[in-house]
Amino acid sequence: MSKISIREAINQTLREEMTRDERVVVMGEDVANRESGGVYGITAGLADEFGELRVIDTPITESAIIGAAGGAALTGLRPVAELMFIDFLGVCLDQLMNQIAKFRYMFGGRATTPVTIRTMIGAGAGTGPQHSAILYPLLVAIPGIKVVAPSNAYDAKGLLAQAIRDDDPVVFCEHKAIYTEECEVPDESYTIPFGQARTVCEGTDVTVVAFSRMVLLAGQAANALAAEGISVEVIDPRTLSPLDDEAILASIRKTGRVVVVDESNPYCSMASEVSSIVVEKGFDYLDAPIRKVTAPHTPVPASPVLEKEYVPSVAEIESAIREVAAY
Amino acid sequence: MNYSLETLYEAYRTMKLIREFEERMRAEYQRGKLPGFIHMYRNQEAIAVGACMHLGNEDYIASTHRGHGHCIAKGCDIEDMLLELACKQEGICKGKGGSMHIADMSKGMLGANAIVGGGPPIAAGAALTARTLGNGKVSMAFIGDGASDQGTVAESLNLAFVLQLPMIFMYENNHYAEFTRNPKPDGRIAERAGAYGMPAVTVDGSDFFAVYEAVGEAVQRGREGGGPSAIEAVASRYYGHFEGDAQQYRDGEELESSRRSYDPLTKFLADDRCSDLDSSKIKQIDDDIQDLLNAGVERALSAADPTPDQLYKDVYVSYRGESA
């Protein structure tokens, strides 16, 4: 075990998977850059170790990056393509939504597209409206792709290894504001199966389902409320598609109360999806209305003051938990 | 360049098979036997055949919505295609793709594509596989004159040049982007590709020999590590954008004259290089094609539709860890 950050865990996993399987290639903007290894240094050192045939710097052309990653996956490689910020999804969505996601289905099950798309999500760095969104609900809505969003280094390592070894297309969402979060991570390689939530902390009064960076905030809220005598259970689904409905429902069966916390915009979001699942399949367990804590229906502002207002806070989460606990 | 009789018969057979396959599909479509849209390839047969005769099963192509000719030239099974056009369970895509998504990975056929300009990035990816594995294979994207204006094509040209991918941009300029006459002069599309730094030529797309020779050079360049190439094959669209489009936007005389002057089969048989072809052998080929189509159409139209459970199959290899 070593205490490493999410950033280091991702770098380590890329290195391990490239060593394990020579079909794995890394491609994207600046990924082979020897000085930086990308904007946040995630791919640092890979080009030196594996060479420029397997760590491929591309032009700033997202349709070509994502489409070529799909075509390479279709023909025998296991590419890990970097879509630098998920906001750039707008540039290349066709290649993901109409091509990669549909290959297997529209070709009658005779095509396999083992591509991983790593992408940065989230606000908190002052990067403004076109570099800070979450957007993964758009992808969760598309059949044929899987969507993953780790909240700690241990999960990042195991889920990324699974994504790269997975035979389906996976979008791996990395929240840029938690890259430096550290935890104990095994030195050896391991995978975490998709569709299995993690119980972050156990509790009996209120269930909080939180995604990506919001898991950290939910954990802080749970700690703070323990002092007030409210016992909070935090569930991190870890994978958004497939989503572990069972774990969420099992927790609510125990607590009867739920708060869903998601940094994406509120409509057609993970928060609304979880709420829908709970109402449809867990209505009888509920002792209080569901509360959603999300970003508002606005773009992400650049102003640090407004951005702080935009992102759900620990205080908002605490307040929502208190509200449903008291209902 | 010398052509063996075997090459000439193969070229004739494949062009004629495409022609007759489509005429038969057109008839069945008009009888209401095929769902959806179909897009006819007539008079562009020399391009698919002249190009794909240089490719093996481990070379790749990405096709277009007007893809039947490419599929046949790349070796897709005729009966499996007919079954797919009829959207039957035993179709090449189990009835879920239809005319615009015929694909066969075992033949290096990465799919017809219903998104105009959707194919070139995928073909670039296949070329990236070939480059990474260093196996001497090449990848080809078919691109219409309409698609040539798409950003995906520009991005792919650039990527292919920057990474020196073994890729051929095979443009088919049939002068019409759906219902709209493409205003670019012939050769402009190749010029654009050439501006990215790669060799680019313009050829008569109704001349099998011209296409075959230009593609031959491009494929060799790709196999030898010489990077991408572009070829603009100038053609004429015989039928409308899709079957049912009466082309009222086209001048009748221009249409009729281009239909005659751009017929690749007439041109092929009239070429001196084909003077040694035996007319009885040509007739035998024609008869065999009719037999193949008759049997295939009969089977396709009487075959079983997909069962309802197929709706849910093949979205993922495995979504929740269940075995595939």
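Helices (H or I, at least four residues) and strands (E, at least two) are DSSP runs, numbered from the N terminus. The model is predicted: local features need pLDDT of at least 70, side-chain atom pairs count only at pLDDT 80 or more, and totals for chains, interfaces and linings use all residues. Residues are numbered from 1 along each chain as its sequence is written, chains are lettered from A and ligands numbered from 1 in the order in which they are written, and side-chain values use heavy atoms, with hydrogens and water left out.

In chain A, A:Glu263 sits in the loop between β13 (258-262) and α10 (270-282). A:Glu263 is buried (under 20% relative accessible area; exposed is over 50%, partly exposed in between; 1.4 Å probe, protein chains only). A:Glu263 forms no salt bridge (a side-chain nitrogen of Lys or Arg within 4 Å of a carboxyl oxygen of Asp or Glu). The nearest side chain of opposite charge belongs to A:Arg213, 4.4 Å away; Lys and Arg count as positive, Asp and Glu as negative, and His and the chain ends are not counted. A polar contact of 2.7 Å links the side chains of A:Glu263 and A:His175. Such a contact is a pair of N or O atoms within 3.5 Å; within protein, one must be able to donate a hydrogen and the other to accept it, and residues adjacent in sequence count only if both atoms are side-chain atoms. The A:Glu263 side chain also reaches the backbone nitrogen of A:Ala123 at 2.7 Å.

Two loops of chain A show backbone features. The peptide bond from A:Ser241 to A:Pro242 is cis, with omega near 5°. A:Pro242 lies between β12 (239-241) and α9 (245-255). A:Asp30, in the loop between β2 (24-28) and α2 (46-50), has a positive phi near 70°. A:Asp30 is partly exposed, at 35% relative accessible area.

In chain B, helix α4 (residues 78-85) is mostly covered, with six of its eight residues buried. These are B:Ile78, B:Met81, B:Leu82, B:Leu83, B:Glu84 and B:Leu85. They pack against α1 (5-30), α3 (68-73) and α11 (279-302) of chain B. At the start of α4(B), a side-chain oxygen of B:Asp77 comes to within 3.1 Å of the backbone nitrogen of B:Glu79. After α4(B) comes B:Cys87, with a positive phi near 60°. B:Cys87 is partly exposed, at 23% relative accessibility.

The axes of α1(B) and α11(B) come within 10 Å and cross at roughly 40°. Axes are lines fitted to C-alpha atoms, for helices over the stretch in contact, and angles run from 0 to 180 degrees between N-to-C directions.

Methods:
Contact means heavy atoms within 4.5 Å.
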